[in-house]
Amino acid sequence: DVTEIEEKEAQAKQEEQIMKEQELSNLLHEKRYLKALGLAISLDRPHTVLTVVKAILKEPEGRRHLQENIVRLRKDQKEAVLGFLVTWNTNSRNCHEAQAVMETLLKHEAPDTLLQFSGIKSAVESLLPYT
């Protein structure tokens, strides 16, 4: 019977998830946005990434801070953010944040690099009607 083992694994995963969410909350409170972005992306939480982006943009010099943080993300993280911003851009409440992130990606990534992102074609097709 493996029921007990599966229950322990599920409980361990749930505890780890709670710990990561608490860490994310602490990072936001401490204004450590790069780590907060990375953690939210790794948790695959588009809404949390949006919350971090909004918090960055509320800061003085928010656009510059957003650019600094987005540029420092790894390629896979930038791909994830690109996928998230496609969804954000379809909602008028979040489109400004999506446009700010997209502007950063377009300004700081070479076209050849952007073309290598997974899902770039569908992302561009989805962004065009709303941009």
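Biologist: Between which helices is the loop where E61 is found?

Modeller: E61 is found in the loop between α3 and α4 (62-71), where helices (H or I, at least four residues) and strands (E, at least two) are DSSP runs, numbered from the N terminus. This is a predicted model, in which local features need pLDDT of at least 70 and side-chain atom pairs count only at pLDDT 80 or more, whereas totals for chains, interfaces and linings use all residues. Residues are numbered from 1 along each chain as its sequence is written, and side-chain values use heavy atoms, with hydrogens and water left out.

Biologist: Which residues does V53 touch, not counting residues up to four places away in sequence?

Modeller: Contact means heavy atoms within 4.5 Å. With residues up to four places away in sequence not counted, V53 touches L37, L66, W88, E97 and V101, and L28 touches Y33, A36 and V52. Among contacts in the chain between residues at least 6 apart in sequence, 60% join residues at least 24 apart.

Biologist: Which residues of α4 are buried, and why are they on the same side of the helix?

Modeller: In α4 the buried residues are G62, L66, N69 and I70. They are on the same side of α4 because they cover an arc of only 95° around the axis, the arc being that of the directions from the helix axis to the C-beta atoms. The buried residues of α4 pack against α2, α3, α5 and α6.

Helix α8 (residues 120-127) can be read in this way too, with I120, A123 and L127 buried. They cover an arc of only 60° around the axis, which puts them on the same side of α8. What covers the buried residues of α8 includes α5 (75-89), α6 (95-108) and α7 (111-115).

Biologist: At what angle do α5 and α6 pack?

Modeller: The axes are lines fitted to C-alpha atoms, for helices over the stretch in contact, and angles run from 0 to 180 degrees between N-to-C directions. On that scale α5 and α6 pack at an angle of about 145°, with their axes 8 Å apart. Their crossing is left-handed; a crossing has that hand if the near helix is turned anticlockwise from the far one by less than a right angle, and is right-handed if clockwise. Where the two helices meet, the residues of α5 are K78, V81, L82, L85, W88 and N89, and those of α6 are C95, A98, Q99, V101, M102 and L105.

Biologist: Which side chain does a polar contact of 2.3 Å join to that of E109?

Modeller: A polar contact is a pair of N or O atoms within 3.5 Å; within protein, one must be able to donate a hydrogen and the other to accept it, and residues adjacent in sequence count only if both atoms are side-chain atoms. The side chain of E109 is joined in this way to that of K78. E109 is found in the loop between α6 and α7 and is buried, with a relative accessible area of 15%. Leaving aside its neighbours within four places in sequence, E109 is in contact with K78, L114 and F117.

Biologist: How many helices and strands does the chain have?

Modeller: The chain has eight helices and zero strands, and its C-alpha trace spans about 55 × 35 × 25 Å along its principal axes.

Key
Buried < 20%, exposed > 50% of the residue type's maximum accessible area, 1.4 Å probe, protein only.
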